[in-house]
Amino acid sequence: MTATLLPTSDADPFGPEVLEDPLPFHADLRDAGPVVHLSRYDVYAMGRYEHVHAALRDWQGFQSGAGVGLSNFRTEPPWRPPSLLLESDPPRHDAPRRVLAGILAPRELRRLRERWSAVADELVDALLAAGDEFDAVPKLAEAFPLRVFPDAVGIPDEGRENLLPYGDFLFNAFGPHNDLVAAAAHRAPELGAWVNAQCARDVLAPDGFGARIWAAADRGEITAEQAPLVVRSLLSAGVDTTVQALATVLHAFATHPEHWRRLRAEPQLARVAFDEAIRWGSPVQTFFRTATTDVRVGDAVIPDGKKILMFLASANHDPRRWTDPEAFDLSRDPSGHLGFGFGIHQCVGQHVARLEAECLLDALARRVATIEIAGPTRRHHNNTMRAWGSLPMRVG
Amino acid sequence: MTAADATRAGDALRVTAKDVAADGVVVLTLAHPGGARLADWTPGAHIDLHLPDGTTRQYSLCGDRFDARTYRVGVLREPAGRGGSAYVHDVLAVGDVVGVGGPRNNFPLVPSERYLFVAGGIGITPLLPMVRQADLLGADWTLVYGGRRRGSMAFLDELESHGDRVHVLPEDRHGRLDLPRWLGEPREGVAVYCCGPGPLLDAVESACAGWPEHALRTERFVAREQGAPVRDRPFDVVLARTGATVSVGPDRTVLDAVRDAGVDVLSSCRQGTCGTCETEVLEGTPDHRDSLLRDDERAAGDCMFLCVSRSCSDRLVLDL
């Protein structure tokens with residue numbers, strides 16, 4: 001009965017055309033209705049702000065514990081032990097979330113600001129000394145988080161080059177087993193083993209986020225078995241996402257010079273700029289949920305146990321919610337965007353990302369009057385993230 | 001969950017049911033007037049009720065967290081109270097709308113293989129969702145529930161379904177709770193949760209003195225007895241965002257001084273038990289006088305509750 005009510009599409013949201021430019025597909029999805037059956041994967045897609053927002057809040061009806069990728073943990077074993085945060089539901093989700101939210105709260109991050117600003121200043125100075133043209137992806141968007149974040153977590157220097165390929169594989173693995181997954185699958189065991197090894201108490205520096213997670217285990221707030229998996233969540237979710245969010249905000253400014261001038265005049269707009277860039281570019285495009293019962297959305301019923309693909313990026317461009325959604329605009333209030341997710345699974349590290357962005361944009365804005373694209377840009381395809389592979393820039 | 005997503009102070013909920021749960025205890029069911037989803041909560045959380053007579057009181061949520069449309073709170077009539085509970089009992093009616101703040105959780109359930117829950121009287125309310133959750137997680141748990149008389153003890157029907165995990169021990173028949181018996185020898189791997197009147201909390205705290213650190217978790221609705229403030233001379237509070245400096249004399253709270261300087265800080269209980277007025281301390285050493293912070297959080301000295309806490313140093317710089 002539901003199939004007759006539902007619009008259906010045989011498009012592949014994980015195919016190279018959509019990954020290269022997802023906006024036309026998102027527009028079709030939104031126009032087709034609140035829920036569209038994607039026949040290729042037998043999943044139910046949502047692209048409108050209203051319904052994605054409601055589904056993200058409704059953890060009772062749309063569970064995460066069966067996996068937030070295409071794979072359904074009710075019927076398939078996960079490729080790694082499930083995340084205690086991303087891939088779990090209340091009540092098991094409560095304690096890990098509470099512990100991590102406390103460690104990553106804005107009040108706790110204050111002590112990092114000075115150090116991170118100094119690192120950003122140093123990084124930008126060194127970059128500018130080497131010339132006025134560079135690729136912003138490796139030189140800024142990757143370089144800055146890779147300098148500050150692993151130190152903040154407290155992992156050793158050795159092996160940090162594994163972080164980006166691990167994250168890239170992880171975010172690909174939420175999608176179908178397509179070429180992107182196949183190409184990196186041979187490295188997954190090695191990368192996974194390295195990441196797991198960084199989560200042990202005796203590997204972590206004494207004052208980082210990792211040590212504080214273990215301290216929470218000492219206070220009984222999580223168990224000693226949970227502690228390394230909570231550390232793993234930081235390393236999984238805290239690197240690639242920030243890299244791509246920074247690349248997105250840099251791309252936004254390089255293509256919107258009037259807004260860069262405005263940021264230089266009003267540096268306090270750095271935070272708005274970052275959230276607006278996340279709305280506009282939505283580095284994390286999608287996450288799945290699983291229906292815990294026959295869930296009604298509008299006139300449609302999504303059957304129990306079926307996967308629902310929520311297009312955060314499409315919701316962030318829904319003209320029913322946003323005026324002129326395709327515009328990157330510092331005058332807009334981007335509050336309520338779904339780029340960090342929403343509800344109980346909303347990105348617990350968002351304040352870390354905001355602080356990184358603020359430090360980097362501030363360092364750049366104090367030194368650079370203009371930013372422009374200096375050559376052909378290249379997307380990096382990933383099943384979950386809208387990513388940049390290369391952003392040649394010229395600064396003046 | 002973000003603040004934007006939460007029910008906020010001043011949000012109005014409608015009383016959809018008011019039932020007598022025991023002698024002197026009514027249970028209120030609250031829902032959004034438009035039927036909207038309410039903010040999520042976890043066992044141990046409380047909400048503020050902003051009553052139409054201007055008083056604000058905290059009550060533990062004791063309903064079903066999987067039900068996103070209603071909150072349930074149990075309210076004991078406190079004859080010696082300041083009037084909030086009397087208002088709820090005597091005036092508040094089904095259909096009335098009350099302001100609700102929160103939910104906030106200062107009493108979260110930690111993961112454990114075994115739990116011992118100790119409730120005294122209305123202290124059963126935060127423990128009720130906890131026992132359900134412990135059951136859902138398959139943990140081994142025991143609830144010891146004391147009260148004056150059986151007739152004054154709420155939620156007995158709901159608890160009976162748990163069989164011999166629940167021990168209902170009214171004082172008129174069993175005397176005071178035999179804490180040494182229920183607690184037994186100190187041991188690892190048991191989380192002890194207690195909520196109830198101050199004397200019960202004090203007794204459980206002493207009885208747990210030999211237990212592993214952090215084994216016992218309590219919630220106080222009545223502020224802990226505090227010694228005299230560290231200093232009785234005025235101190236300066238600097239508001240970092242505006243640059244203003246205000247002097248706080250011995251007879252004023254930091255909260256009032258800061259408000260007079262034009263900074264609107266949200267507060268609720270005014271006795272250091274709810275956590276609404278938590279503020280970041282940028283410099284100086286706070287004299288903590290709340291009932292919320294753990295010892296290590298006190299030692300860190302990077303936040304304080306403006307309604308009760310004061311200063312050890314001549315100067316405190318606050319993130320306001």
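## A loop residue with positive phi

A:Asp324 lies in the loop of chain A that runs between α16 (312-315) and α17 (350-365). In this predicted model, the phi angle of A:Asp324 is near 50°, which is a positive value in a residue other than glycine.

A:Ser282 also has a positive phi, near 40°, and is likewise a residue other than glycine. Its place is the loop between α15 (270-281) and β6 (286-291) of chain A.

## Overall form of chain A

The secondary structure of chain A is made up of 17 helices and 13 strands. Its radius of gyration is 21 Å, close to the 21 Å that the globule rule gives for 396 residues, and chain A is therefore as compact as a globular protein of that length. Taken along the principal axes, the box that its C-alpha atoms fill is roughly 65 × 50 × 40 Å.

Of the 396 residues in chain A, 61% count as buried. When contacts between residues at least 6 apart in sequence are considered, 72% of them in chain A join residues that are at least 24 apart.

## Surface and charge of chain A

Chain A has an accessible surface of about 15,200 Å², and carbon and sulfur atoms account for 54% of that surface. Its charged side chains number 41 positive and 52 negative, and the centres of these two sets lie 4 Å apart.

## A covered helix

Helix α8 of chain A, which spans residues 163-173, is mostly covered, since ten of its eleven residues are buried. Among the buried residues of α8(A) are A:Leu163, A:Leu164, A:Leu170 and A:Ala173, together with the aromatic side chains of A:Tyr166, A:Phe169 and A:Phe171. The buried set also includes A:Gly167, A:Asp168 and A:Asn172.

## The interface between chains A and B

The size of an interface is often given as the accessible area that is lost when the parts come together. Between chain A and chain B the buried area is about 2,400 Å², and carbon and sulfur atoms give 46% of it. Three arginines, A:Arg57, A:Arg107 and A:Arg219, supply 28% of the area that chain A buries against chain B, which is more than any other three residues supply.

Counted by residues, 26 of chain A are in contact with 30 of chain B.

## Cis peptide bonds in both chains

In chain A, the peptide bond leading from A:Pro90 to A:Pro91 is cis, with omega near 5°. A:Pro91 belongs to the loop that lies between β4 (62-63) and α5 (94-103) of chain A.

In chain B, the bond from B:Gly102 to B:Pro103 is cis, with omega near 0°. B:Pro103 is found in a strand, namely β6 (residues 97-104) of chain B.

## A buried threonine in chain B

B:Thr125 is part of helix α2 of chain B, which covers residues 124-136. The relative accessibility of B:Thr125 is 2%, and this residue therefore counts as buried, the cut-off being under 20% relative accessible area. Once neighbours within four places in sequence are left aside, the residues in contact with B:Thr125 are B:Ser60, B:Leu61, B:Cys62, B:Gly74 and B:Phe155.

Note on methods
Residues are numbered from 1 along each chain as its sequence is written. Chains are lettered from A and ligands numbered from 1 in the order in which they are written. This is a predicted model: local features need pLDDT of at least 70, side-chain atom pairs count only at pLDDT 80 or more; totals for chains, interfaces and linings use all residues. Side-chain values use heavy atoms; hydrogens and water are left out. Helices (H or I, at least four residues) and strands (E, at least two) are DSSP runs, numbered from the N terminus. The radius of gyration is taken over C-alpha atoms; the globule rule is 2.2 Å times the number of residues to the power 0.38. Buried means under 20% relative accessible area, exposed over 50%, partly exposed in between (1.4 Å probe, protein chains only). Contact means heavy atoms within 4.5 Å. Accessible areas come from the Shrake-Rupley method with a 1.4 Å probe; for residues, only the protein chains shown count as cover. Lys and Arg count as positive and Asp and Glu as negative; His and the chain ends are not counted. The place of a charge is taken as NZ of Lys, CZ of Arg, CG of Asp or CD of Glu. Buried area is the accessible area (1.4 Å probe) that two parts lose on being put together, summed over both.
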